[in-house]
Amino acid sequence: MKITTFNPFIASSQPENVIKIFEELGFEKHHTKEGIEIADRKDTVFRMKDANGFYLDVLKSTENISRDISGIRINVDNFDEAYTMLLNKGFKNIYKDETVDTKTSKSAMLESPTGVNIALIQHLK
């Protein structure tokens with residue numbers, strides 16, 4: 001398994017506030033992916049990038065979350081291998097066994113035994 005991207009993410013029910021703060025720090029919206037289906041809802045991800053090449057993902061959650069949730073986005077070249085390895089290390093898929101499968105990616109949201117959130121993603125070519 002090879003890690004191809006590694007950056008922070010923030011999930012928020014009010015992403016406009018998060019985006020504004022990071023725009024003031026020099027980040028710009030790079031692209032937006034809408035309608036990501038997970039657990040009977042559709043979320044949106046705003047990918048941001050600064051002039052130094054650093055990325056940040058801001059997830060607009062349609063789930064009623066009381067506070068922002070932060071974590072790490074890890075893109076890999078082999079989702080199934082990475083997913084199995086993390087589960088064997090005690091990580092739990094926060095949506096039971098559900099993964100998000102789109103035309104361009106496969107992903108899951110995992111939580112470590114200590115509470116660290118990882119958005120595990122493989123981009124499909």
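## Close-up views of a predicted protein chain

**View 1. Charged side chains and the accessible surface of the chain.** The protein chain carries 17 positive and 19 negative side chains, and the centres of these two sets are 3 Å apart; Lys and Arg count as positive and Asp and Glu as negative, with His and the chain ends not counted, and each charge is placed at NZ of Lys, CZ of Arg, CG of Asp or CD of Glu. This is a predicted model, in which local features need pLDDT of at least 70 and side-chain atom pairs count only at pLDDT 80 or more, whereas totals for chains, interfaces and linings use all residues. Residues are numbered from 1 along each chain as its sequence is written, and side-chain values use heavy atoms, with hydrogens and water left out. About 7900 Å² of the protein chain is accessible surface, 50% of it belonging to carbon and sulfur atoms (Shrake-Rupley method, 1.4 Å probe).

**View 2. Overall fold of the chain.** The 2 helices and 9 strands of the protein chain are DSSP runs numbered from the N terminus (helices H or I, at least four residues; strands E, at least two), and along the sequence they follow the pattern β-α-β-β-β-β-α-β-β-β-β. The radius of gyration is 14 Å, close to the 14 Å that the globule rule gives for 125 residues, so the chain is as compact as a globular protein of that length; the radius is taken over C-alpha atoms, and the rule is 2.2 Å times the number of residues to the power 0.38.

View 3. Within α1 (residues 15–24), Pro15, Val18 and Ile19 are buried, where buried means under 20% relative accessible area, exposed over 50% and partly exposed in between (1.4 Å probe, protein chains only). Seen down the axis of α1, the buried residues fall within an arc of 100 degrees, so they line one face of the helix; the arc is that of the directions from the helix axis to the C-beta atoms. Lys20 and Glu24, on the other side of α1, are exposed, and just after this helix Gly26 takes a positive phi of about 100 degrees.

**View 4. Lys96 in the loop between β6 and β7.** Lys96 lies in the loop that joins β6 (92–93) and β7 (100–101), and its phi is positive, at about 65 degrees, although Lys96 is not a glycine. With 70% relative accessibility, Lys96 counts as exposed.

**View 5. Gly115 in the loop between β8 and β9.** Gly115 is found between β8 (105–111) and β9 (117–123) and is partly exposed, with a relative accessible area of 34%. Gly71 is 44 residues from Gly115 in sequence, and their C-alpha atoms are 9.5 Å apart in space.
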